[in-house]
Amino acid sequence: MKLITAIIKPFKVDEVKTALKAAGVLGITVTEVNGFGRQGGHTETYRGTEYQIDFVPKVKLEVVADDPAVGEVIEAISTAARTGQIGDGKIWVTSVDELVRIRTGEQGADAV
Amino acid sequence: MSVEERLAELEASVGSGHIAWVLISAALVLFMTPGLAFFYGGMDRSRNVLNMLMMNFWCLLVLPVLWVAVGFTLAQSPVENKFIGSFDNAFLKGLDISDGGMTLAVVAFLGMFAAITPALISGAVADRMKFSAWAIFAPVWMLIVFVPVFKWVYGGWLGQRGSLDFAGGTAIHVNAGIAALAAVLVLGKRKGWPKEGHPPHSMPLVMIGTGILWFGWFGFNAGSALEANGTAVQAFMNTFLAAAAAGLAWCLVERVRDGHFTNLGAASGIVAGLVAITPAAGFVAGMSPIFIGLIAGVICCFAVGLKTKAGYDDALDVVGVHFVGGLVGSLLIGLFADPDFFGGDFMAGLFYGGGGKLLLEQTIANASAIAYSFPVTLGLMYLLKVTIGVRVSEEIEVGGLDQAEHAETAYHEALV
């Protein structure tokens, strides 16, 4: 089992969600986050004074998938979230040791 | 005398229309203090917004009480006293409704001005002043600075010399604006300023506050006619036009200089225009309010940059908007005052055949208000500093005043 974590542009959330559903993903978790990558921040001007805003709002999306499905999930996210512009985000995959469905107590791949 | 004649006379003496307008105006001016609180609060940081609101609402709690106790009588009674009033109407003594109610309506109306004037200063001391110090500063300042200057301007020696101040340019905005400068000189800069930026935490709040201020300002200016008459109508018109013109001017300067039309530029320009037209509202007409607004909008837009160069931390630009805007508007009366339009017996401005005499009187009046307000405020703040202290600890300044000073949080996280 793998945890697929993606940082994407907030306006792409709906498209990515639709693509993941189409790929058979049954559950995702999203969080509003702030950060910066190569895109950097931006400046805002108030009463003629410039302020550097370093942290850009992004959405963090987390999906747990069984190993054979990982490639398809990554493909769905990257295709749907891509604009080709700087700041599209990143996807990373980490191993998951244990997974438990709280309601039934199912474990491992059965709980995905 | 026939019954009809007697009734007509009674109705005229009651002047119910005038009273209605003054009462409505008083309520409009009351609404300006919450408006100011939102205007400032939105510009403030999210961890200090409740402290800002409370500094303003505090003025609505303590100043009306002080106003009817001794404020009104010292500020207005009797009208002809040159420097300070008497205690004849202390605790509302001798004030009843036998005249139909107009006198009490005016006491209430002016009480709203007494409440908002110290509140103007809160924007300068934002983010670092101890609330206990503010709680004492606001009423004491109202009594020892606002009241005497108000007396000099309205019926006192400055007014008797012929200087003009329709709704409080000198008595309120210049007075509070220069006091704000004195206050921040004693209080000191915020930690990290000016290297560290403090952008507004909620621009929508600023825009709501601006809307409330503009709405309330019709009562402030047109209500200052103290009658529902033609002067009130022209003051209303001036309030409408000067704010629009100043907002337009500020926005255009920012568009050319910085590249964007900004919400804060629109809001700041509107307020600068309202401040500038306040002293002139019942003395100018025609296109004059538009010229006054345009001039004030451009000058104030540049004036808010002075603090960084001069090194005084006027957090939300009370000096750049209220002091400078008030001064600009008050001096421009010396050019634009038009007594013929109003059928009034005040001096004409330079452009209306009056020569430079009114401009000289306007200069004397503002210089006098500044010469009194600045040192007295400096002294009051210094006295508070050496007794109870005026500044929160660095830990509180960094952690936020809302929790430390008020045990409240403006914006709760979803999990709380």
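Among contacts in chain B between residues at least 6 apart in sequence, what percentage join residues at least 24 apart? The share is 78%, where two residues are in contact if their C-beta atoms, placed from the backbone, lie within 7 Å.

## Basis of the model

This is a predicted model, in which local features need pLDDT of at least 70 and side-chain atom pairs count only at pLDDT 80 or more, while totals for chains, interfaces and linings use all residues. Residues are numbered from 1 along each chain as its sequence is written, and chains are lettered from A and ligands numbered from 1 in the order in which they are written.

## Chain B

Chain B contains 17 helices and zero strands; these are DSSP runs, with helices being H or I of at least four residues and strands E of at least two, numbered from the N terminus. Because its radius of gyration of 21 Å is close to the 22 Å that the globule rule gives for 416 residues, chain B is as compact as a globular protein of that length. The radius is taken over C-alpha atoms, and the rule is 2.2 Å times the number of residues to the power 0.38.

## The sheet of chain A

Chain A has an open sheet of four strands in the order β2-β5-β1-β6, with antiparallel pairing; strands pair if DSSP finds at least two bridges between them. At the edges stand β2 (29-35) and β6 (89-95) of chain A, each with a single partner strand, so one side of each lacks a neighbour in the sheet. Seven bridges join β1 (residues 2-8) of chain A to β6(A) in the antiparallel sense, and A:I4 has A:V93 as its bridge partner in β6(A).

## Contact between the chains

Seven residues of chain A are in contact with 13 residues of chain B. On the chain A side, β3(A) gives the most, with three residues.
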